Amino acid sequence: MVGGVNDCVFCRIAAGQAPATKVYEDDTLCAFLDIRPIARGHTLVIPKRHASELADLDAEVGAHIFRAGHRLALAIRRSDLAADGAHLVLNDGTAAFQTVPHIHLHVIPRRHGDKLSMAAGLLLRRPRDPQTTAAAIRAGISALENEDETSAEKGSKG
Ligand code: AMP
Ligand code: ZN
């Protein structure tokens with residue numbers, strides 16, 4: 001069961017009952033663009049089953065969420081967003097400034113020399129062309145999958 005669907009905006013997003021620009025999903029989690037991005041491509045990875053904080057989160061699901069965040073950070077490097085790096089951040093609890101009580105991993109792309117645009121992004125938190133941005137991230141995910149297949153084929157040929 002997906003818990004708290006009616007009360008929790010991220011449960012509603014996971015269930016397809018609230019709008020979001022999704023870039024990836026599987027049975028356990030989904031990833032979508034942050035509505036108030038700090039940088040273009042700022043993405044959130046959430047478990048589909050409600051967990052408010054780390055204390056409520058199944059450790060295997062947590063590992064799966066981190067793996068997805070890791071893949072997204074690599075995919076965004078390969079995408080047209082051409083990131084050079086990323087912040088992977090999880091604010092656990094209100095003491096850590098968690099504002100949405102459904103656990104989420106932030107993936108925030110960084111580029112060399114982006115200090116000023118990051119500072120502006122932190123202040124303005126403006127959406128930036130979400131459809132094009134999501135399409136670029138999905139293309140980056142496909143590029144990563146193609147690389148994985150190519151290296152698996154090479155490996156099997158010895
Ligand atoms: P945190 O401070 O770690 O709890 O971050 C919550 C994040 O969720 C913020 O970056 C918000 O911009 C983002 N957010 C809140 N509501 C939505 C929504 N409906 N769709 C996408 N992102 C959201
Ligand atoms: Zn929830």
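A residue is called buried here if 20 or more other C-beta atoms lie within 10 Å of its own, exposed if 12 or fewer, and partly exposed in between, with C-beta atoms placed from the backbone. By that count Arg125, with 13 C-beta neighbours inside 10 Å, is partly exposed. This is a predicted model, so local features need pLDDT of at least 70 and side-chain atom pairs count only at pLDDT 80 or more, while totals for chains, interfaces and linings use all residues. Residues are numbered from 1 along each chain as its sequence is written, and chains are lettered from A and ligands numbered from 1 in the order in which they are written.

**The sheet**

Let's start with the strands. Helices (H or I, at least four residues) and strands (E, at least two) are DSSP runs, numbered from the N terminus, and two strands pair if DSSP finds at least two bridges between them. Five strands make an open sheet in the order β1-β2-β3-β5-β4, and the pairing is antiparallel. At the edges sit β1 (22-25) and β4 (85-89), each of which pairs on one side only. From one strand to the next the twist averages 20° (axes are lines fitted to C-alpha atoms, for helices over the stretch in contact, and angles run from 0 to 180 degrees between N-to-C directions).

Helix α4 (residues 130-157) packs on this sheet and touches β1, β2 (29-33) and β3, with its direction at about 35° to that of β1. Contact means that the C-beta atoms of two residues, placed from the backbone, lie within 7 Å.

Looking at the pairs one by one, β1 and β2 are antiparallel over three bridges, and a hairpin of three residues connects β1 to β2. Across that pair, Lys22 faces Phe32 in β2. Strand β3 (residues 43-47) is likewise tied to β5 (residues 105-110) by three bridges, again antiparallel, and here Leu44 stands opposite His106 in β5.

**The core**

A nonpolar core is a set of buried Ala, Val, Leu, Ile, Met, Phe, Trp, Tyr and Cys residues joined through C-beta atoms within 7 Å. The largest one has 33 residues, and Ala31, Phe32, Val45, Ile46 and Leu72 have the most contacts inside it. Two or more residues each come from α1 (9-14), β2, β3, α2, β5 and α4, and α2 gives the largest share, six residues.

What does Ile46 touch, not counting residues up to four places away in sequence? The list runs to Phe10, Ala14, Leu29, Cys30, His102, Ile103 and His104.

Over in helix α2 we find Ala73, which is buried because 21 C-beta neighbours lie inside 10 Å. Beyond residues up to four places away in sequence, Ala73 touches Ala86, Leu88 and Val107.

**Loops and the outside**

Ser79 lies in the loop between α2 (59-78) and β4, yet Ser79 is buried, with 24 other C-beta atoms within 10 Å. Setting aside neighbours within four places in sequence, the contacts of Ser79 are Ala136, Ile137, Ala139 and Gly140. Ala82 is in the loop between α2 and β4 as well; 13 other C-beta atoms within 10 Å make Ala82 partly exposed. Ala82 also has a positive phi of about 50° although it is not a glycine.

Leu90 belongs to the loop between β4 and β5 and, with 18 C-beta neighbours inside 10 Å, is partly exposed.

Helix α3 (residues 115-124) lies largely in the open, because zero of its ten residues are buried.

| Pair | Apart in sequence | C-alpha to C-alpha |
|---|---|---|
| Ser79 and Asp34 | 45 residues | 18 Å |
| Leu90 and Leu105 | 15 residues | 4.8 Å |
| Ala73 and Arg110 | 37 residues | 9.8 Å |

**Around ligand 1**

Which residues are around ligand 1? They are Val9, Ala20, Asp34, Ile35, Arg36, Leu44, Asn91, Phe97, Gln98, Thr99 and Val100, where a residue counts as near a molecule or strand if its C-beta atom, placed from the backbone, lies within 6 Å of it. By class, this shell has six nonpolar, three polar and two charged residues. For that tally, Ala, Val, Leu, Ile, Met, Phe, Trp, Tyr, Cys and Pro are nonpolar, Asp, Glu, Lys and Arg are charged, and the others, Gly among them, are polar.
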